[in-house]
Amino acid sequence: MASQKLTSALSEIEASTNTPTKLQQYTDLLTELVNTTPPAQLPQDLTAYLDSILSESLSIVAARPLLDHFVTLLRPLPSETKIAVGQHAVTLLQSRSTSVEEQDASIREILADAYEAEEDYIAAARALQGIHIDSSQRQVTDLSKVRLWIRIVRLYLEEDDTTSAEAVLNRIKNLPTKIADPELKLHFKLAQARIFDARRRFLDASQEYFGVSLAAGLVDESDRLHALAAAIRCAVLAPAGPQRARLLGTLYKDERATSVDEFAILEKMFLDRLLVPAEVAAFALRLAPHQLAVTADGSTVLDKAVVEHNLVAASKLYENITTDALAVILGLQGSGEFTAGEKAEAYAARMVEQGRLKGTIDQIDGVIHFEAAAGSSSVAFGRHIRQWDAGVQSLAEDVERVATRITEAFPEFAAEQAAVH
């Protein structure tokens with residue numbers, strides 16, 4: 001309840017018929033109110049003051065300068081006061097918002113600042129969403145719209161509300177003009193990355209995170225490395241295939257990659273090496289909860305990513321393999337009506353069907369035949385033996401060249417060795 005002193009002063013001002021005098025009295029009263037009222041009483045008195053200046057006794061045109069003065073004095077007040085008074089103010093202005101849109105927007109921004117200071121990010125986002133930006137009464141540039149929407153998106157993402165954040169982010173995408181400000185563009189990419197990540201579109205998320213990690217000058221070095229690590233985590237979780245292979249290559253060749261904890265698993269994946277359970281368990285400790293969520297078949301996204309990677313790695317080691325032996329390599333266990341071999345066959349069949357693995361499956365014999373990258377089984381036949389032979393030949397030639405150079409450089413030593421033998 002408002003203080004008796006304020007109630008009396010407001011009654012006296014409201015009874016006045018001289019508008020200029022009335023406005024000056026309201027202005028002086030608000031200044032005195034903010035400077036002398038105890039903090040505990042201030043929210044109730046400011047609320048009563050708002051009720052008075054927005055009453056029928058004063059036109060909305062006359063109330064605008066009073067609202068401007070009110071906004072100026074409200075900004076430095078404590079968050080608790082701004083929230084209590086700001087909530088009441090936006091409620092009062094709803095029916096008059098077309099006439100005082102500028103003042104309404106300012107109060108909502110103050111209210112959002114207060115909510116954010118109190119870590120109530122959803123309330124802050126909703127306060128900002130109430131700002132009118134497409135009205136003929138108030139011209140708002142595309143740049144200002146983007147700044148507002150980016151802030152709302154970031155507030156929603158603080159609470160992991162990716163659905164609301166994506167809805168706001170889509171408004172930015174629909175703007176006729178592109179984002180020109182480098183800092184806003186960076187915030188947009190980061191928000192897009194976090195939404196892709198939450199939606200389990202890990203390939204897209206990794207690309208966006210990597211783009212953020214390259215923003216030298218706009219982001220601290222530690223934050224750039226954090227973004228790079230996030231890009232690697234998402235790349236590891238992405239479905240195995242040519243696209244992910246190219247992305248892994250890009251990340252692996254980045255000279256900063258060796259400085260993040262995720263480099264070990266990145267290197268093994270890029271080089272198509274089999275992952276062992278201990279490495280996978282250590283990597284899982286660095287994942288966010290949504291990245292470890294259990295899917296409909298009882299496995300996690302990480303489980304599927306590791307199985308698919310190891311399947312691709314196995315295709316580099318073997319020309320053909322039985323489904324039971326493949327299941328052992330992939331660490332699959334039988335459950336219910338499906339054997340481990342049948343699970344391995346299902347993984348391989350899906351990847352072959354989607355074009356992420358080249359090969360054929362003989363279901364009668366339970367054997368998977370892998371093809372070379374060129375897509376020909378005849379090319380695949382004996383390729384490892386030929387690679388081994390070529391390696392041995394190359395090594396023998398290198399040894400011969402070294403022996404020849406030693407003989408040429410140290411003829412006396414070579415002669416002594418020849419005499420001994």
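**A sheet and a helix pair**

Good morning. Three strands form an open sheet in the order β1-β3-β2, with antiparallel pairing; strands here are DSSP runs of E with at least two residues, and helices are runs of H or I with at least four, numbered from the N terminus. Two strands pair if DSSP finds at least two bridges between them. This is a predicted model, in which local features need pLDDT of at least 70 and side-chain atom pairs count only at pLDDT 80 or more, while totals for chains, interfaces and linings use all residues. Residues are numbered from 1 along each chain as its sequence is written, and side-chain values use heavy atoms, without hydrogens or water.

I turn now to two helices. The axes of α11 (residues 202–213) and α13 (residues 242–253) come within 11 Å and cross at roughly 25°. Axes are lines fitted to C-alpha atoms, for helices over the stretch in contact, and angles run from 0 to 180 degrees between N-to-C directions. The two helices are therefore roughly parallel to each other, a term for angles under 35 degrees.

Where do they touch, taking contact as heavy atoms within 4.5 Å? Leu 203, Ser 206, Gln 207 and Phe 210 in α11 meet Gln 243, Arg 244, Leu 247, Thr 250 and Leu 251 in α13. Thank you.

Methods
Parallel < 35°, antiparallel > 145°, perpendicular 65-115°, else oblique. Contact = heavy atoms within 4.5 Å.
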